[in-house]
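Here's a quick briefing for anyone opening this structure for the first time. Have a look at it below, then read on.

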Amino acid sequence: MAGCGGGDDDGAPEGKTVTAKVMTKLQSGVRAQVGQWVADIPVAHSEEPAFTVAEVIAPPGNLNLGLWNSSGEQHNLTIEEVGGGSIDTPFIRDGKAWIRSSLLEGKKYVFYCGLHRKEGMEGTIVVDPKLSAEDLKPYQLKG
Ligand SMILES: [Cu+2]
């Protein structure tokens, strides 16, 4: 439970790295505006509390993270600038919640669940100013 080791012997699934996508058109159910960057952070369906995402890559500017929770357990999503402030969603047991942060180049950000951070429910946000137009993929809300 040190929280800094690389051990994966707790049964929680390994989170993946995702690149934020851009909103190209308004979508109901998404709290983001056209031109902004969006990434989904689903809660894993596992015995141990976990997100399925461990790292988000996004350019500087507004990033919208969508917490997807259908686990039946309470979770939330907090974005924290390392050494700075944080912003969080309410705790939800089912459904989705959105959070927006304005990412600055050169700063470090983490995201985590306020209840289960010690259990490994956390990840990092990498601000990459080199993300180019070729990297843009349209965000599409999942059914
Ligand atoms: Cu949690």
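Residues are numbered from 1 along each chain as its sequence is written.

**The overall make-up**
- The chain comes to zero helices and ten strands; helices (H or I, at least four residues) and strands (E, at least two) are DSSP runs, numbered from the N terminus.
- Of the chain's 143 residues, 27% count as buried, where buried means that 20 or more other C-beta atoms lie within 10 Å of a residue's own, exposed means 12 or fewer, and partly exposed is in between, with C-beta atoms placed from the backbone.
- If you take the contacts with a separation of 6 or more, 63% of them link residues 24 or more positions apart; a contact here is a pair of residues whose C-beta atoms, placed from the backbone, lie within 7 Å.

**The six-stranded sheet**
- Six strands make an open sheet with mixed pairing, in the order β1-β4-β10-β9-β6-β7; two strands pair if DSSP finds at least two bridges between them.
- At the edges sit β1 (16-19) and β7 (86-88), each pairing on one side only.
- Strands of a sheet pair through backbone hydrogen bonds, either parallel or antiparallel.
- β4 runs parallel to β10 (residues 122-127), with four bridges between them, and glutamate 55 stands opposite threonine 124 in β10.
- β6 and β9 also pair over four bridges, but in the antiparallel sense.
- β6 (residues 78-81) is joined to β7 by three bridges, and the two run antiparallel; threonine 78 is partnered with aspartate 88 in β7.
- The hairpin of β6 and β7 has four residues between its strands, and glycine 83 takes a positive phi near 85 degrees there.

**The nonpolar core**
- The largest nonpolar core has 26 residues, and those with the most contacts inside it are Ile41, Ala58, Leu65, Leu77 and Phe111; such a core is a set of buried Ala, Val, Leu, Ile, Met, Phe, Trp, Tyr and Cys residues joined through C-beta atoms within 7 Å.
- At least two residues of this core come from each of β3, β4, β5 (61-69), β8 (95-103) and β9 (109-112).
- Alanine 58 has contacts with Ala20, Trp37, Ala39, Leu63, Leu103, Ile125 and Val127, leaving aside neighbours within four places in sequence.

**Around valine 43**
- You'll find valine 43 in the loop between β3 (37-42) and β4 (53-58).
- Why does valine 43 count as buried? Because 23 other C-beta atoms lie within 10 Å.
- Valine 43 touches Phe51, Trp68, Asn69, Ser71 and His75, not counting residues up to four places away in sequence.
- Serine 70 is 27 residues from valine 43 in sequence, yet their C-alpha atoms are 7.2 Å apart in space.

- The chain has a mean pLDDT of 88, with 87% of its residues at 70 or more; pLDDT is the predictor's confidence in each residue, from 0 to 100.
- Among the chain's elements, β9 has the highest mean pLDDT (98) and β2 (residues 21-22) the lowest (90).
- Over residues 1-8 pLDDT stays under 50, and the model has three contacts beyond four places in sequence for them.
- Where pLDDT is low, the predicted coordinates should not be read in detail.

Conventions: Predicted model: local features only at pLDDT ≥ 70, side-chain atom pairs only at ≥ 80, totals over all residues. Contact = placed C-beta atoms within 7 Å.
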